[in-house]
Amino acid sequence: MMKISRRNMMQMMGAAAFAGPLASATRAFAAREKELNILCWEGYNSAEVLDPFRSSQGARVKAESLTNDPTMINRLRAGETRIWDLINVNNPWARKVMAPAGLIKPLPRAEFEPYFDTMLPEFKAPYRWAMSDDGKDLLGMAQRFGPYSFVVNTDKISKATAEEQGWDLFNDASLAGKYGVQESDDWNVFNIFLVAGINPFKEHTEEEFKAFAETAEKIFKGAKMVGDMASLNQALVSGEIDLYMTGGTYSVSPARADGYPNLRAITPLKGPIDGKGGISWIEITSTVNNPELSPLAIEFLKYVQDPEVSHTVAFAEGTFNPVSQMGDPKCFELFTKEELEAIQWDTLEEDMARSAEYDILPDYDKALELMTAAKRLRG
Amino acid sequence: MAAMTHTETDGKQGLLPAIPAGLRAAAPVTILLVLGFLAPLLTVAAYAFATPRSFDVFRSFTLANFSAIFDPSNTVWMSFAWSLAYASATVVLLAAIAYPIAYGLNRMFGKWSGLVGVLFVFPLFVSENVRLYGWVLFFIKNGVLDGGLKWLGFSGGPEVLYTPGIILFGMIYVYLPFMLFPMSLGIAMIPRDLVDAARDLGASRFMIWREVELPLAMPGILIGMLLTFVLGAGAIAEAKILGGQSVIPIAQDIEVAFTYAQNWPLGSALALLLVAIVSGLALYVLSKLDLDRILGKR
């Protein structure tokens, strides 16, 4: 029998100290089976959505929410593809940026395409934003969407007037000091182009940039406030402001659900984007090109297609939004009358029809610089 | 085997006679802390010299980010100016506001001073953003102030929300404890005997304050000023939440560079400049300070 002395006891402890972390590392490696990391807009990170999945799979699910697309995509670019399994961003990024850059990987088409059949009519397969440029690969799944232009207090400006006037409202000198601007700078760039009567989603001439800079300066000088959407809704309710850009069902639905149906997302009747004046967004959730992609990524994407879970996603904490799965009667019937009112279901179809789908601006960097400079002139 | 290990250890001890055992034992933790402190700063510094709009940190070297900042057409200097002006104004106003309170805590409130002190600490337990949103509800149209005054039959409250003035109010409110407590410590260090002696020798109340109390409390006052200035120069929430971005502080430009603009190198260059300006000012003030006196090692 081996005699254990104090010395070799110490040696064994030393070996264990070294081996310990290694052993747990192998465990962590194997645990990718039961681990899922999601990079998303808020909602998918809520306990209501994640907890049932966690308990049914016995999985550790981590979700981090950010409030702009470029930051999320650059997290992957900076090397975080090893960390994340799913990324949830707006429509153009999967097809135009992430797939060409190899940041995401395609979904098994046969497994996921049938889900599009029960979605709202405009999402029928092959759905453009879910597909690769060559139309061969399915790059992600669609769920939340909505029109996103501006929001008015209809007690002050009627829906009809707001839709008819469109972005010109922000050119109206009599409304200076009565509107707010939301701090989502990427969308503000689109909107300022629209107020200037210019299509944002194209290359711009020097002349157009000059008009953009002048409009930006005027917009920010005339803005009562620039803030987050909760502050803007609060300011609308209190009467500090009568309208704000950027806004839509995404930003105003919480206030509508709280009992302020007079606050309303407006989509202009017309505008400079091939006749359209509104802009809409559709989120696409894709699997990250992670060398150790968790098998739960695919499971989670299937899980959120379920009618009940889709309804939970639509009304997760923070903001309330329509979901493409509302095309399925089993999902639609879960929405109460109040919930449909909060997301402006009555005009959703026409609002989406009058909106151009959000796209990437080729000269965004220059426009953002001009807009940031214009903002500084407020003080 | 055991003997060999022993010899090796002896050899090492012979080579490093100057490092005390305690320090050697603490070395792993020290290295970890130094790395944890320095690594993020070094990364930011390295990013500041990387190609604009890239992630080529440690792989490229360029001064393009700084030349973009110093370009005469770039108005980012306005953000620096606003931040430094707000920080300076906060320091001056807080010095005037906090001194009487600090004096009271030490000399006048007696048994109540503990309670008063706690009341000033208490807000620190609540997130700054939550407190600022609270002030929004207080000042907003038909809010606590405006609605309350209307209810009492007045025409309503002043329209102060979303103005540059309210930002200064917010900063004074948020940073008051950071000025108050170092200042209070400074005043506590004034020996009563010296004040009594000055009075016995015929000094007026003002003379005692100017010649005895103020110089002796100065280290505490300066530390309070330094702390509020550094915090004020990096302030962002007050301008965003209360000020409705009526003024753009430099911290917001840095934030935009890291988020919407996705120009990490530019954001890092701005951050590095801010660190240089603020630490330059801080070092200057510290060089005028006798730390021994503050620590009571006279």
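Two strands count as paired when DSSP finds at least two bridges between them. Keep that in mind for what follows, and remember that this is a predicted model.

**Chain A overall**

Chain A holds 16 helices and 11 strands. Out of 379 residues, 57% are buried. Looking at contacts in chain A between residues at least 6 apart in sequence, 76% link residues at least 24 apart.

Now zoom in on β1(A), which spans residues 35–40. In this strand, 6 of the 6 residues are buried.

| Partner of β1(A) | Residues | Bridges | Direction | Residues facing each other |
|---|---|---|---|---|
| β2(A) | 60–65 | 6 bridges | parallel | A:Asn37 and A:Lys62 |
| β3(A) | 86–90 | 2 bridges | parallel | A:Leu39 and A:Ile87 |

So what does A:Asn37 have as its bridge partner in β2(A)? The partner is A:Lys62. To get from β1(A) to β2(A), the chain passes through helix α2 of chain A (residues 47–57), and this β-α-β crossover is right-handed.

**A loop residue, A:Asp306**

Further along chain A, A:Asp306 lies in the loop between α11 (296–303) and α12 (307–314). Is A:Asp306 buried or partly exposed? It counts as partly exposed because its relative accessibility is 34%, and that class lies between the 20% and 50% cut-offs. A:Asp306 is 24 residues from A:Lys330 in sequence, with a C-alpha to C-alpha separation of 9.4 Å.

**A helix pair in chain B**

Over in chain B, have a look at α4(B) (residues 76–108) and α13(B) (residues 264–287). Their axes come within 12 Å and cross at roughly 35°, and the crossing is right-handed. Which residues make the contact? From α4(B) come B:Val76, B:Phe80 and B:Leu84, while α13(B) supplies B:Leu270, B:Leu273, B:Leu274 and B:Ile277. By type, this contact has 7 nonpolar residues, no polar ones and no charged ones.

Key: Residues are numbered from 1 along each chain as its sequence is written. Chains are lettered from A and ligands numbered from 1 in the order in which they are written. This is a predicted model: local features need pLDDT of at least 70, side-chain atom pairs count only at pLDDT 80 or more; totals for chains, interfaces and linings use all residues. Side-chain values use heavy atoms; hydrogens and water are left out. Buried means under 20% relative accessible area, exposed over 50%, partly exposed in between (1.4 Å probe, protein chains only). Helices (H or I, at least four residues) and strands (E, at least two) are DSSP runs, numbered from the N terminus. A crossover is right-handed if, with the strands pointing away from the viewer, the path from the first strand over the helix to the second runs clockwise. Axes are lines fitted to C-alpha atoms, for helices over the stretch in contact, and angles run from 0 to 180 degrees between N-to-C directions. A crossing is left-handed if the near helix is turned anticlockwise from the far one by less than a right angle, and right-handed if clockwise. Contact means heavy atoms within 4.5 Å. Ala, Val, Leu, Ile, Met, Phe, Trp, Tyr, Cys and Pro count as nonpolar, Asp, Glu, Lys and Arg as charged, and the others, Gly among them, as polar.
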